[in-house]
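Please walk through the open spaces of this protein model. Start with the residues that line them.

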Amino acid sequence: MTYTYTIGLLHPGSMGSAIGAQLRASGHLVLWCPDGRSETTRRRAERTGLEAEALTELVSRSDVLLSLCPPSAAEGTAAQVAELSAADAGTIYVEANAVSPSRVQRIADRLAPMPVIDAAVVGSPPVGGKSPTLYLSGPGKQTDRIAELFAGTDVRPHVLGDSIGKASALKLAYSSYQKVCRVLAAVAYGAADTYGVADELLEIAARRTRSYLVETDYIPKTAARAWRWGPELEDAADLLADAGLPDSLVRAAAETLARWDGNRGEHLDISEALEALRLR
């Protein structure tokens, strides 16, 4: 049986409004609060067909509260909801921001007894045929209800289990690779461009199409080569600095490699290599 829910969307940015549109297309009522929002957000909400409500009414009317806001505002948004007398155990709060598992737990503690589902969106907003995945973790019954919301939409729900924190950990683990790679690509290209070898750099890069992230068997090999790679990256950082580009990320990578200095010549497995990276 298909149920119709009332969803309070906090707050409709580019991702939130696109997800709100998917929910509306499935027959659900989606509310938003215009108080203190920019004109751009207002126009976006109007185009999406969201219904405007004051925050108190939004919370009291909603079966589900979906928090999709800048990560820095996640706890403040939850605190606003917690302060309202209408916030009770009958509403499900979905914390879908890119925040750490510990922050999700603080939000869950703040909102108790309201059930909180840890969620993470991986992928681009669901427009133009794009289909992001919504990872979910938390109490089984409520998590299943959230997954049902997106049946037949371009948002693909994926339940990770009952433990709060899994979805957020997955999101930030991926972000730590994907987003830092984008930053490194910018500074690497900038350095090559400074020295007139940008086209050649792109030719080298084009030879590889597979993500390094899937090559977990290379982690011990990286540990074994750390003693050589660290000094090389220090010189690479000097190159960036000479080109007027930020060098801190590459120097941080060299510092990370230094944690494997004591493992030179050892044949580690993945678990041993990762353990050597951890602070003791």
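By class, 34 nonpolar residues stand in the lining of the largest pocket, along with seven polar and five charged ones. The model behind these counts is predicted.

Now take the space itself. The volume of the largest pocket is about 2500 Å³. Its lining holds 46 residues, and those closest to the centre are Tyr-177, Cys-181, Leu-184, Tyr-212 and Trp-229.

Next comes the second largest pocket. About 350 Å³ of space lies there. It is lined by 18 residues, and Met-15, Ala-98, Val-121, Lys-171 and Lys-179 are the closest to its centre. Two elements give two or more residues to this lining, β6 (116-122) and α7. Here α7 gives the most, with six residues. By class, the lining of the second largest pocket divides into 12 nonpolar, four polar and two charged residues.

Tyr-177, Cys-181 and Leu-184 are among the residues closest to the centre of the largest pocket. Lys-171 and Lys-179 are among those closest to the centre of the second largest pocket.

Note on methods. Residues are numbered from 1 along each chain as its sequence is written. This is a predicted model: local features need pLDDT of at least 70, side-chain atom pairs count only at pLDDT 80 or more; totals for chains, interfaces and linings use all residues. Side-chain values use heavy atoms; hydrogens and water are left out. On a 1 Å grid over the protein atoms alone, a cavity is a set of points where a 1.4 Å probe fits but cannot get out, and a pocket is an open set with protein on both sides within 12 Å along at least five of seven lines; lining residues have an atom within 4 Å of a point. Grid points are joined across faces, edges and corners, and a volume is the space filled by probe spheres set on the points. Ala, Val, Leu, Ile, Met, Phe, Trp, Tyr, Cys and Pro count as nonpolar, Asp, Glu, Lys and Arg as charged, and the others, Gly among them, as polar. Helices (H or I, at least four residues) and strands (E, at least two) are DSSP runs, numbered from the N terminus.
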